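Open the model in your viewer and follow the stops below. Each one says what to select and what is there.

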Amino acid sequence: MEKKDIIQSFKDSLFTGFIALALFGPIVGLRTASKGEGLFITPQWGVVFVLVGLCILGRFLINLNSARTTEFTIFSKLASKFSAITEDKAKHFAITAILFAVVFPFLPFTDRYFMDVAIMILTYIMLGWGLNIVVGLAGLLDLGYVAFYAVGAYSYALIATTFGWSFWICLPLAGLFAAFFGILLGFPVLRLRGDYLAIVTLGFGEIIRIILINWYEVTNGPDGITGIPRPSFFGLPFKRSPDEGETSFHLFFNLEYSTMHRIIFLYYLILVLALITNYFTLKIRKLPVGRAWEALREDEIACKSLGVNPTNTKLTAFAIGAMFGGFAGSFFATRQAFISPESFTFIESAIIVAIVVLGGMGSQTGVVLASIFLIGITEMFRDLEQYRMIAFGGAMVLIMVFKPKGILANRKPTILMHGDKK
Amino acid sequence: MSNLLSVENLTMKFGGLTAIDDLSFDAKNNQITSIIGPNGAGKTTVFNCLTGFYKPTNGQMFLHKEDSKISLRKYTDFKIAYVAKVARTFQNIRLFPAMSVLENLLVAQHNELMVASGYSLYGLLNLKTYRDKEQLAVDKAKYWLDIIGLTHRADDNAGDLPYGDQRKLEIVRAMCIEPRLLCLDEPAAGLNPKESAELNQLLKFIKTEKQTGILLIEHDMSVVMGISDHVVVLNYGKKIFQGTADQTKNSKEVIEAYLGVDE
């Protein structure tokens with residue numbers, strides 16, 4: 001690297017520092033604190049100084065890295081090595097990951113907290129896989145995916161609390177309702193593409209949430225729905241003292257009662273649901289309809305010239321993507337036993353889209369890695385309370401700097417003429 | 001030679017601009033009909049009307065079958081390719097660049113494969129009936145790839161192919177829908193002489209071996225004069241001449257349209 005380059009990157013980092021100062025100065029530097037009767041400003045220039053310094057240093061390192069002809073930072077090396085493993089040995093990687101997921105609840109260090117985080121990550125993986133059909137395969141940027149999650153959750157909650165039907169009947173119904181809403185959204189946006197589609201879907205997500213808040217008679221408004229039935233293990237509830245004539249899980253299997261039983265059951269439930277989503281997506285991608293989705297993403301006009309019906313193709317993508325969102329929603333409702341519109345805000349959609357895009361559009365493994373990375377890191381910093389969102393943003397920036405096309409960006413053909421050469 | 005396509009009094013207006021003005025011509029089965037003319041003469045607009053991208057202001061377009069004829073006006077959008085079996089290629093290549101060459105050819109057989117996969121049901125169940133049909137589709141793709149000599153690149157991304165190969169791939173992709181009429185919009189644009197010669201070979205093969213009529217827009221006169229059976233010359237949306245390639249070459253009107261009138 002030449003001296004000129006170093007000076008250039010140093011100048012650039014100073015400029016970054018200047019922008020950072022302009023941002024952090026007022027936001028972090030001037031802190032309002034209420035003391036007694038008034039509101040006072042407490043300056044904290046030390047923190048600003050540290051933050052700006054970090055920005056300058058970070059920018060300088062990034063500049064140095066991009067000026068090199070060979071990669072030298074640990075991050076990019078690790079990242080490329082990791083992608084190499086996951087791509088070349090995709091099958092082994094998948095089997096190892098699934099095996100790990102299966103034994104995870106019984107590992108010695110696994111406690112209640114780990115299980116909760118794992119369930120959350122799996123929920124996001126499932127949502128990511130569902131949205132991957134719409135965004136990754138069909139190329140329709142849907143910023144309102146949380147609407148289908150909400151429809152699934154509320155359908156489940158309303159059916160289960162009103163009719164008292166079991167989880168296994170309500171689950172497909174909730175999926176059907178969500179798919180129906182997917183088609184409902186699909187029709188008006190058929191002609192839209194890109195930015196316009198994104199805006200309308202974003203609006204759709206908000207419409208659903210606002211309906212949930214205002215339709216008090218049905219949805220109980222902002223108070224939400226309470227007392228959603230918990231799932232039972234094929235008819236055996238997870239209760240310490242079962243009702244008359246009922247046998248609970250721990251009694252049937254002669255176990256000591258523990259709340260972990262239900263958590264572990266929920267964990268396996270979402271694991272199975274997520275794996276079904278994955279299996280289905282991998283299968284359908286290799287079918288004509290899956291190829292038509294991808295062709296539509298590549299070039300809609302060419303699709304029409306080949307006789308592919310774009311309306312049906314788009315609607316199936318919306319419907320199937322929405323259906324899996326609905327399944328995930330039902331799971332969310334039964335796990336929480338309480339849902340309110342607050343759980344279905346735009347930030348949820350944004351997180352799911354971030355997972356799909358950062359994972360590498362269309363890559364199933366990428367969704368898993370991005371979910372673990374984004375949600376896991378955010379959870380690791382839970383002690384920092386509101387600052388943990390910085391970790392979320394930081395994780396996004398890291399991926400964008402080192403893997404701008406997403407963690408796993410390689411697409412494998414759905415069918416090979418000459419077989420696998422490797 | 002039976003008539004395949006007859007265009008009658010076709011008119012297309014965009015606001016005050018008349019892009020095509022009362023155009024009538026015929027195209028025959030197993031013949032190559034070229035539409036030529038200076039830039040802005042309305043050639044691509046004719047294609048867009050034929051292939052359902054525009055709805056003509058006036059006029060009729062008929063595709064003849066053995067003893068019946070269907071009106072192309074009735075079909076828009078994807079139905080032109082699906083029902084009427086009119087295929088087209090584009091001036092700026094429109095492949096699916098991130099999909100493999102083979103996948104490109106399978107998307108062209110989407111409708112048959114959709115039925116074969118029981119609208120995805122048989123496919124999800126991995127039934128043998130579907131797998132057999134899929135194999136047939138792959139065989140058909142291989143047949144065409146053998147003809148254009150791209151079989152060895154079947155699993156590569158279409159976007160990674162050299163420009164000339166992409167042109168040829170787009171043509172055989174259109175052939176995979178088994179069209180009755182194939183509309184080619186400047187297939188030789190950007191090709192070198194060797195590639196142009198290969199293109200001529202391919203078009204002659206399609207013309208003689210398949211039950212297909214070809215409609216061709218082209219600026220490259222070596223292609224037009226080498227393979228056209230019939231030439232239609234447009235200028236400012238009007239037909240100024242039609243005849244064989246040799247007649248066209250010597251026509252006074254055509255030379256004037258291209259080079260201007262001696263004052």
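**Stop 1: one tyrosine**

Select A:Tyr149. Leaving aside neighbours within four places in sequence, A:Tyr149 is in contact with A:Leu127, A:Gly325, A:Ala328, A:Gly329, A:Phe332, A:Phe344 and A:Glu348. Contact means that the C-beta atoms, placed from the backbone, lie within 7 Å.

This is a predicted model: local features need pLDDT of at least 70, side-chain atom pairs count only at pLDDT 80 or more, and totals for chains, interfaces and linings use all residues. Residues are numbered from 1 along each chain as its sequence is written, while chains are lettered from A and ligands numbered from 1 in the order in which they are written.

**Stop 2: the core around it**

A:Tyr149 is also among the residues with the most contacts inside the largest nonpolar core, along with A:Met126, A:Ala150, A:Ile270 and B:Val86. That core has 169 residues. Such a core is a set of buried Ala, Val, Leu, Ile, Met, Phe, Trp, Tyr and Cys residues joined through C-beta atoms within 7 Å. Buried means 20 or more other C-beta atoms within 10 Å of a residue's own. Now select helix 5 (residues 112-137) of chain A, which gives the most to this core, with 14 residues.

**Stop 3: all of chain A**

Zoom out. Chain A has 17 helices and 2 strands; these are DSSP runs, helices (H or I) of at least four residues and strands (E) of at least two, numbered from the N terminus. Buried residues make up 38% of its 422 residues. The C-alpha atoms of chain A fill a box of roughly 80 × 70 × 45 Å along the principal axes.

**Stop 4: where the chains meet**

In total, 31 residues of chain B are in contact with 27 residues of chain A. The model scores ipTM 0.89 and pTM 0.85.

**Stop 5: two domains in chain B**

Colour domain 1 (1-85 + 180-263) and domain 2 (93-177) of chain B; the bounds come from an automatic or database domain assignment. Their C-alpha centres lie 27 Å apart. Across the boundary, 13 residues of domain 1 are in contact with 11 residues of domain 2. Finish on helix 8 of chain B: with 5 residues, helix 8 gives the most to the side of domain 1 that touches domain 2.

Technical notes
Contact = placed C-beta atoms within 7 Å. Buried ≥ 20, exposed ≤ 12 C-beta atoms within 10 Å, placed from the backbone.
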